[in-house]
Amino acid sequence: MGKKILVWFRNDLRLHDNEMLVEAVSKADEILPVYIFDPRQFQKTQYHTYKTGVVRTKLLIESVSSLQQSFRQMGGNLLVLQGCPEDILPELVVEYGIAEVYHHREVASEETAISIKVEDALWKQKVNLKHFIGHTLYNKEDLPFPIKDIPDVFTQFKKKTERDAVVKPCFPTPAAINFVGFEDSGAIPEIGDLLQDSAVAILKVQSEFKGGEQEALLHLHDYLHASEGMVLANATLKKHEVISKLSAWLALGCLSPREVYWKMKDAEANYGVRPYFHQIVLGLLWRDYYRFMFKKYGNTFFKPQGFKKDGEPLVLENTSALQHWKNGQTGQPLVDACMQELNTTGYINQVARQLVATYLVKELEVNWVLGAAYFEEQLIDYAPASNWGNWATVAGVGNDQKLVNSFDFEKLAKILDPKGAFAQVVRA
Ligand SMILES: Cc1cc2nc3c(=O)[nH]c(=O)nc-3n(C[C@H](O)[C@H](O)[C@H](O)COP(=O)(O)OP(=O)(O)OC[C@H]3O[C@@H](n4cnc5c(N)ncnc54)[C@H](O)[C@@H]3O)c2cc1C
């Protein structure tokens with residue numbers, strides 16, 4: 001009997017630049033691709049929010065479905081199941097005679113705790129869980145410092161990383177795959193199968209985003225070659241106006257950061273070096289930075305006092321001010337417009353996020369973790385390190401001391417909405 005490797009997909013829902021898949025295809029005679037919808041991912045949190053809201057749930061379902069479609073086009077399939085991976089994967093190992101299980105390593109505590117449970121369960125069967133790293137632009141091994149010595153100040157991290165580390169080329173998409181055969185690929189769930197009725201009912205999805213690798217690659221292509229191929233390259237955009245809207249696909253792994261990076265380099269070769277291309281790469285560096293900071297500091301980013309040692313005891317009440325903020329009913333038109341946008345689409349840009357976060361923390365004096373938990377539910381691009389890291393920074397309890405107290409509501413409002421037009425359009 002040939003060697004069978006189970007490839008456990010999580011936030012890596014793509015065929016391109018996927019080392020785990022490439023290695024499985026080269027080492028196994030047959031592979032079994034699996035995705036598991038874990039009910040814990042859709043539960044309520046201690047802050048009375050959902051871990052995943054309806055807009056992101058929709059995107060996730062579409063992304064898994066798209067991956068399944070891609071495997072079907074290659075003559076195979078994706079096995080889609082619901083339950084706890086630590087229960088399901090050992091059963092699949094027995095059922096299909098699996099020799100090894102591959103997955104991508106996560107960084108936040110809940111996700112890594114699940115990997116540990118899976119690893120323990122598989123270990124009892126003498127089956128190895130092999131970890132891959134595929135979420136960042138730079139591999140941690142390629143950084144010019146060990147994780148414990150990564151500078152806390154972003155500008156130092158950026159300077160040294162850009163100077164001393166290289167971005168690896170992308171792994172090629174497998175041209176052909178031998179699949180383990182199975183009769184029933186399982187059913188892709190509906191939103192209502194995953195979320196409680198209340199979560200589905202209270203939200204109206206108006207998202208422009210569609211999940212899946214093909215959509216992500218198309219969006220990246222269109223973004224780079226927007227209107228007749230040259231608009232972006234020729235435009236005179238200000239920094240904050242460079243908005244690629246790639247974040248949701250990056251978060252689910254439908255798009256690899258290296259793919260974005262190398263496409264930016266191609267664009268520079270075609271159109272010349274432009275600040276707009278650099279701005280996207282800078283975003284990817286921020287993304288790496290927060291992920292590596294999570295690796296360095298673990299759960300400190302989830303604590304209400306963050307990195308502050310001498311903070312007041314914090315009150316974590318679900319106040320009416322918080323509820324008004326969530327509903328986009330604070331009476332501050334720009335904040336309300338942004339929150340309503342967030343609630344219906346799952347996306348607002350970086351400045352809008354900084355603005356509503358600053359307003360919650362500084363004007364309404366609500367603890368930042370309650371805002372971060374609400375973003376976790378709502379954001380289409382939620383990623384633990386990016387969300388909790390940015391929130392801690394805006395709230396002034398992050399680890400980069402240079403950024404403490406650097407957010408000013410009035411300044412952000414002027415950047416976002418110099419003529420007050422945005423608020424009027426959204427409210428109309
Ligand atoms: C309070 C708050 C919460 C946030 N939560 C998240 C989150 O959960 N997930 C998320 O991906 N981003 C988060 N961000 C960062 C940033 O706002 C979004 O990544 C960005 O707005 C996404 O839009 P874009 O794809 O057009 O970004 P672009 O400006 O086009 O940047 C390209 C990519 O770089 C990455 N990126 C850019 N800026 C940052 C940043 N500051 N931190 C981390 N990654 C960055 C994103 O993956 C983004 O898609 C948060 C920011 C704030 C202030």
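## A covered strand and some salt bridges

Strand β1 (residues 4-9) is mostly covered, with 6 of its 6 residues buried; buried here means under 20% relative accessible area, exposed means over 50%, and partly exposed is in between (1.4 Å probe, protein chains only). Keep in mind that this is a predicted model: local features need pLDDT of at least 70, side-chain atom pairs count only at pLDDT 80 or more, and totals for chains, interfaces and linings use all residues. Residues are numbered from 1 along each chain as its sequence is written, and side-chain values use heavy atoms, leaving out hydrogens and water.

Back to β1: K4, L6 and W8 are buried on one side, and I5, V7 and F9 are buried on the other. The strand runs parallel to β2 (residues 30-37), joined to β2 by 6 bridges, and F9 stands opposite Y35 in β2. Strands pair if DSSP finds at least two bridges between them. Helices (H or I, at least four residues) and strands (E, at least two) are DSSP runs, numbered from the N terminus.

Now for the charges. Side chains of opposite charge can pair when their charged atoms come close. With a salt bridge taken as a side-chain nitrogen of Lys or Arg within 4 Å of a carboxyl oxygen of Asp or Glu, the count comes to 20. Here are some of them:

| Pair | Closest N and O atoms |
|---|---|
| E23 and K130 | 2.6 Å |
| R40 and E86 | 2.8 Å |

E23 is buried at 15% relative accessible area, while K130 is partly exposed at 27%. K27 joins E23 and K130 in a network of salt bridges.

R40 is partly exposed at 21% and E86 is buried at 14%. E110 lies in helix α4 (residues 109-124) and K51 in the loop between β2 and α2, so the pair ties together parts that are 59 residues apart in sequence. E110 is partly exposed at 47%, whereas K51 is buried at 16%.

On the surface, E363, E365, D408 and E410 gather in a patch of negative charge. Patch members have over 30% relative accessible area and no salt bridge, with like charges joined within 9 Å and nonpolar side chains (Val, Leu, Ile, Met, Phe, Trp, Tyr) within 5 Å. E410 sits in helix α18 (residues 409-416) and is exposed at 51%.

How values were computed:
Areas by Shrake-Rupley, 256 points an atom, 1.4 Å probe, with all protein chains shown as cover. Lys, Arg positive; Asp, Glu negative; His and termini not counted. Charge placed at Lys NZ, Arg CZ, Asp CG, Glu CD.
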